[in-house]
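Student: I would like to request a close look at a single part of this structure, followed by a connected account of the elements around it and elsewhere.

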Amino acid sequence: MATGTASIEPAPIRADELVQGTSLWKDAWFRLRKNHVALFGLYTFCTIALLCLVVPFFTGYTYEQTEISLKASAPMEPIFLRTEARKAGEPKKSFIALSNLEDEFLEKSQSDRKAIVAKIAEGEVYQEGRNTYQRSSQRHVFGTDPLGRDLLTRVLVGGRISLAVGFAATLVSVCIGVLWGATAGFAGGKIDTVMMRFADILYALPFTVIVILLMVMFGRNFILLFVAIGAVEWLNMARIVRGQIISLKNQEFIEAAISLGLPSHRILFRHLIPNVIGSIIIYATLTVPNVMLLEAVLSFLGLGVQPPLSSWGVLIDEGSRTMETSIWLLVCPAIFFSLTLFCLNFLGDGLRDALDPKASKD
Amino acid sequence: MLGFSRNDMKKLIALVALLIIGGLVLFGVGHTNSTKEGYSLTLQEANKNKILLLTVGSEPRTLDPQQAQGVTEHHIIMAMIEGLVAPSIDDQSKAVPGMADHWEHNDDYSVWTFHIGENRKWSNGDPVTAEDFVFSYKRMLTASFGAQYSENLFILKGAEDYYRGKITDFEQVGVKALDDHTLRIELVGPTPYLLSLVQHDSWLPVNPKAVLSFGKIDTRDSKWTSAENFVANGPFKMKSWRPNDVIEVVRNPLYWDAGNVKLNGINFYSIENSNTGERAFQAGQLHKTDQVPLDKVPYYRRRHPDLIRIDPYEGVYFYRINVARKPLDNPKVRLALNLAVDRDAIVKNILREDQRPATGYTPPGMGDYQPLNKIAYDPERARQLLAEAGYPHGKGFPKFTIHFNTVESHRAIAEAIQQMWKEELNIDVSLENQEWKVYLDTQNSKNYDLSRSGWIGDFMDPVTFLSMWTTGNGNNNTNWGNPKFDAFIEQAARTGDPQARLDILHRAEDLFLSEPPVVLVYWYTNAYLLEPSVQNWNPLVLGNHNYKYIDLKAEREPAK
């Protein structure tokens, strides 16, 4: 071995290879990235939210624009233009869907009707009295509702409302719930008893009654809807947080913090709440769909969003009434709604794994 | 129907329901159908036995004709209690003998004499006498009895004073039994439409013995209306009453015209949900439904025109305008709102039951009264009127609200009108739905801008539509009032000549529509499903069928 002794030198340590401390959030994101299902949920959810925000500007219709002669037309159903000549002024133009075209000629026999409809469908311009019928290039991707409004636009605009209500109300409920629960749990004793019994009393009141009372007191208002739902939804959050805080507050690190003389609010916000953040996030993701459902219930009672504005809950409710004749009115918003709920649940699940401080770092 | 059959559709629905079950359970629960399994009679059997199977909507609250308020109750009571006169087979402006065999009136229609037939009997065997009618009207006018329709009898001389306690002697009220079989009715003014009036529940007789054996004259909800105790004088008598299920009536052998009664019985099922009714009809469990679900109408019209019937119905659908609120106090604004509504489009596309766009308030079919043709769709003129009122292109027009009770079709119509006003007049309107009782309260307390309303005629005369608009009338509720209009109505009530009277009413309505406190929408029709085996079910504008004429043909198979 002419090469002499191999010197065993330690490889130089480069600065960037030093093990760096990573934050809770960085760890969490790292773990979340490995969870494909959760990631799918996150991306799909973001896509839906983006669609709701952007696409309504480009559909060419507004959520309130009616075309009542069109009625409930199916997705991508061929649409025809009827031009009605009038004695004075502009001829009146209206749109008719293929499935309703037959009704224009009800006085004719059934076979005649079918023949005329077939002719017009093939692109022929047909004249009947003062009316002229012809094909139109107009299309509605998701079809239209019974007032002839574009369902795609309505679903997406409704999504804005549903998501806004879902998140804003959840935020309200998280804020109140966490503060209330943490304070009660940390303080313990009489304060705890009084605070939690107060929550129990609210819990015993029927939800709709509280909301109706709030509406009567403050008037009907969109923002109030967030607050009203949030103000009712925080009770569970408060209970969960309180339970967690009680189990944490006797552990050594809190005793250490107390013996170091940290003030209570610092212990609460720096040491206790970050440790329950996992439960908070998990419960919050469950609250969002819950809140969306509540919003629909309220809308049905006439306390939620007012027409012509709508939300997914309202659209599904409307659709369920006509599902034997116009199933798309139910299916389209329901797909969006359930997809969002799935995504939020996957995401919540992933976040729980990711945020668990007891999980090993890998 | 998209090219797939009902069966495919059901499969699709099942699939979708499974997929989205999580999100939908909450909504689905609200619409569960209580299809009743208990129907024992199939249609063929019913046809053979001549039992008519009907639904009249929800469960009747009472079968005491003097306490009845709704159409549901009326349609059942009609089978068992017959008034002085009865509806004819096909023309509601005419009446046929009922308890009265014949009748006459003085020249100005203010004194009527009814001759009650000798062979008229109650189902307990008692003869029907003029005294029974006097007792019944006394009961109606007893304030402590609290009948909702007492006011209907105020056209009797002295009736209102008796009701209000100003006189205590019922002898002074204008109804007298001259003898057992002669009833004289004196009215406060000429009433040419009395024969139509006396067919209303509030004018029907009750058996004094039956009423008094279960309480006093003013006892409400007494047991005399239960199946065992009910005493009838009509073509049918009660056999059983199972609450929330069915009321069965059977042929009354003591009925004076029993030989001409064709049916052996009628079953009145209480089915509130129109979808449930439609399914029961499809399954061959009913001869007739009371309505057709809105979205099923096109299907029946295309595929089963033999099963669907659409009859004109004496009612008008409109929005009340609260004229005390600015800017709705301006008649030009109110007229503009009316002219900007494309009624034709609403009727043709949303309702689709051949409803007629309302061009006036009183619907057609009120005897010789010609409906007005004053309100039409004219957006050009509407814009002009709005500009004259100080709101060119809707500029500066305050936002106002339409109130309606929570029903799908009301919402659809309101949304359509909201959009029309937005497009034609550039006016912003918001919609607010309310639960039925809250909605009634809002309307009665006049705490609204616009409020959805409907009015169904009680009898065959335009007065039933117009008299509600006099200043301060309990049904007016718009703060609108015009002394000239009041004078017209007053004058009509004093006019004996039928044609002159209708002319005055015409002028009253014309005045009403020149500053309308309403937004007119449409005149009702009544759509229902009817088995072709049912005979003599003629279209009648008030919807009151004299069941003795109805017959069933045995041969036809149940509809599929």
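Is Asn479(B) buried, partly exposed or exposed, and how many C-beta neighbours does Asn479(B) have inside 10 Å?

Tutor: The model is a predicted one, and what follows should be read accordingly. Asn479(B) has 17 C-beta neighbours inside 10 Å and therefore counts as partly exposed; the cut-offs are 20 or more for a buried residue and 12 or fewer for an exposed one. The residue sits in the loop of chain B that runs between helix H16 (463-466) and helix H17 (483-494).

Asp221(B) belongs to the loop between helix H8 (208-212) and strand S8 (236-242) of chain B. With 12 other C-beta atoms within 10 Å, Asp221(B) is exposed.

Two further loops of chain B deserve mention. The loop between strand S11 (308-321) and helix H11 (331-339) holds Pro327(B), and the peptide bond leading from Lys326(B) to Pro327(B) is cis, with omega near 0°. Val407(B) is found in the loop between strand S13 (400-405) and helix H14 (408-425). Having 13 other C-beta atoms within 10 Å, Val407(B) is partly exposed. From C-alpha to C-alpha, Val407(B) lies 27 Å from Arg303(B), and the two are 104 residues apart in sequence.

The largest nonpolar core has 163 residues, and the members that touch the most others are Ala336(B), Val519(B) and Val521(B). Strand S16 (residues 518-529) of chain B supplies the largest share of this core, 10 residues. Leaving aside residues up to four places away in sequence, Ala336(B) touches Ala382(B), Leu385(B), Leu386(B), Ala389(B) and Leu425(B).

Helix H5 (residues 130-140) of chain B is mostly covered, since eight of its 11 residues are buried. The buried set consists of Ala130(B), Asp132(B), Phe133(B), Phe135(B), Ser136(B), Tyr137(B), Arg139(B) and Met140(B). Their cover includes strand S5 (111-116), strand S6 (175-179), strand S7 (182-186) and H8 of chain B.

Among contacts in chain A with a separation of 6 or more, 71% join residues 24 or more positions apart.

One helix pair in chain A may be described in detail. Helix H1 (residues 24-34) and helix H12 (residues 328-355) of chain A pack at an angle of about 130°, with their axes 8 Å apart. H1(A) and H12(A) are therefore oblique to each other, and H1(A) passes H12(A) in a right-handed crossing. On the H1(A) side the contact involves Ala28(A), Arg31(A) and Leu32(A), which meet Gly350(A), Leu351(A), Asp353(A), Ala354(A) and Leu355(A) in H12(A). By class, this contact has five nonpolar, one polar and two charged residues.

Methods. Residues are numbered from 1 along each chain as its sequence is written. Chains are lettered from A and ligands numbered from 1 in the order in which they are written. This is a predicted model: local features need pLDDT of at least 70, side-chain atom pairs count only at pLDDT 80 or more; totals for chains, interfaces and linings use all residues. Axes are lines fitted to C-alpha atoms, for helices over the stretch in contact, and angles run from 0 to 180 degrees between N-to-C directions. Helices (H or I, at least four residues) and strands (E, at least two) are DSSP runs, numbered from the N terminus. Angles under 35 degrees count as roughly parallel, over 145 as roughly antiparallel, 65 to 115 as roughly perpendicular and the rest as oblique. A crossing is left-handed if the near helix is turned anticlockwise from the far one by less than a right angle, and right-handed if clockwise. Two residues are in contact if their C-beta atoms, placed from the backbone, lie within 7 Å. Ala, Val, Leu, Ile, Met, Phe, Trp, Tyr, Cys and Pro count as nonpolar, Asp, Glu, Lys and Arg as charged, and the others, Gly among them, as polar. A nonpolar core is a set of buried Ala, Val, Leu, Ile, Met, Phe, Trp, Tyr and Cys residues joined through C-beta atoms within 7 Å.
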